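Please look through the sequence and the three-dimensional picture that follow, and keep both in view while you read. The paragraphs below walk through a few places in the fold, one after another.

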Amino acid sequence: MRENFQVIKGAEPFYFKGSEIGVLISHGFMGTPQSMRYLGENLARYGYTVSAIRLKGHGTHYRDLENCTHDDWFESLEHGYQELKKHCTNIIVIGQSMGGALTLKLAHKYRDLKGIILINPALQVPTYDSLKEAIEPRFISEGNPDIHMKNVHEITYDLAPLKSIHQLQKIMGTIPALLPSIQCPVLGIQSAKDHVVPPENTDYIIGHIGSDKKEKVILQNSYHVASMDYDKEQIVKVSHQFIQQQMNKRLMYAQ
């Protein structure tokens with residue numbers, strides 16, 4: 001899929017070169033790497049190599065998004081993984097919202113991931129449920145991003161293409177069947193109040209994933225776009241701790 005519009009200023013992917021421990025980051029549906037920049041910049045300060053990809057059709061124009069399939073979005077994340085692997089021997093993947101669903105699909109396909117971190121991962125978006133069989137309207141008006149903190153600007157689209165909503169629903173629908181075969185360690189980060197994705201989505205993933213190592217952290221003061229909200233520092237802290245736990249375990253087994 002060729003994009004027809006330029007990338008919005010601030011929505012570009014970003015990359016910070018660091019150690020052989022790589023952190024691959026995926027934003028969610030209608031979002032951009034901008035929503036994950038605080039997390040990426042602060043993890044890079046620990047010395048990790050950090051790569052935040054831009055999913056196809058995002059951060060340009062909603063007409064680009066309309067022409068994308070969920071396979072295009074997965075391809076964006078997969079390409080980011082393959083590029084990061086050229087420079088890093090250990091990779092952790094972080095995905096927010098739909099990025100969490102894509103991360104789970106990546107973990108199912110690539111068993112060498114050292115761990116995954118899911119921030120309010122999406123298996124269902126109830127406000128879209130009534131649109132599953134809809135053929136119109138072509139575009140759906142979107143409200144403000146679900147962020148508790150005031151005066152926070154997320155780069156996103158005002159309109160969501162109906163075709164894209166259907167693609168989101170397709171990718172979310174494929175994930176439950178994959179969960180039992182996913183073995184890598186997982187950290188689920190869940191906002192106690194989320195007006196887009198029910199917190200039970202995280203509970204379901206943690207309860208059904210095949211991983212022996214699984215943890216859950218609850219954010220008390222953030223909504224759906226938690227990476228830009230009050231608890232973003234806590235996300236950095238627990239993500240760093242999780243990454244260190246996986247690396248220490250790997251080093252222990254290597255001795």
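In which hand, left or right, does α3 pass α4? Before the answer, a word on the model: it is a predicted one, in which local features need pLDDT of at least 70 and side-chain atom pairs count only at pLDDT 80 or more, while totals for chains, interfaces and linings use all residues. Residues are numbered from 1 along each chain as its sequence is written, and side-chain values use heavy atoms, with hydrogens and water left out.

The crossing of α3 with α4 is right-handed, where right-handed says that the near helix is turned clockwise from the far one by less than a right angle, and left-handed that it is turned anticlockwise. Helices here are DSSP runs of H or I with at least four residues, strands are runs of E with at least two, and both are numbered from the N terminus. The axes of α3 and α4 come within 10 Å and cross at roughly 65°; such axes are lines fitted to C-alpha atoms, for helices over the stretch in contact, and the angles run from 0 to 180 degrees between N-to-C directions. Among the residues that meet there are Trp73, Phe74 and Leu77 of α3, together with Met98, Leu102 and Leu106 of α4, contact meaning heavy atoms within 4.5 Å.

Lys109 forms a salt bridge with Glu78, their closest N and O atoms being 2.6 Å apart, and a salt bridge is a side-chain nitrogen of Lys or Arg within 4 Å of a carboxyl oxygen of Asp or Glu. This pair links distant parts of the chain, since Lys109 belongs to α4 and Glu78 to α3, 31 residues apart. Glu78 is buried at a relative accessible area of 13%, whereas Lys109, at 48%, is partly exposed; buried means under 20% relative accessible area, exposed over 50%, and partly exposed in between, with a 1.4 Å probe and protein chains only. A second salt bridge is formed by the side chains of Lys105 and Asp71, at 3.9 Å from N to O.

In total, the structure holds 10 salt bridges. One of them brings together the side chains of Arg138 and Glu66, at 2.8 Å from N to O. Because Arg138 lies in the loop between β5 and β6 and Glu66 in helix α2, the pair ties together parts that are 72 residues apart in sequence. Glu66 counts as buried, at 10% relative accessibility, while Arg138 is partly exposed.

Another arginine, Arg54, is found in the loop between β3 and α2, and at 18% relative accessibility Arg54 counts as buried. Its side chain makes a polar contact of 2.8 Å with the side chain of Glu3 (a pair of N or O atoms within 3.5 Å; within protein, one must be able to donate a hydrogen and the other to accept it, and residues adjacent in sequence count only if both atoms are side-chain atoms). The side chain of Arg54 also reaches the backbone oxygen of His58, at 2.7 Å.

Finally, turn to Ile243, which lies in helix α7, residues 232-254. Ile243 is buried, with a relative accessible area of 0%. Leaving out residues up to four places away in sequence, Ile243 touches Ile21, Val23, Tyr48, Ile92 and Ile117.
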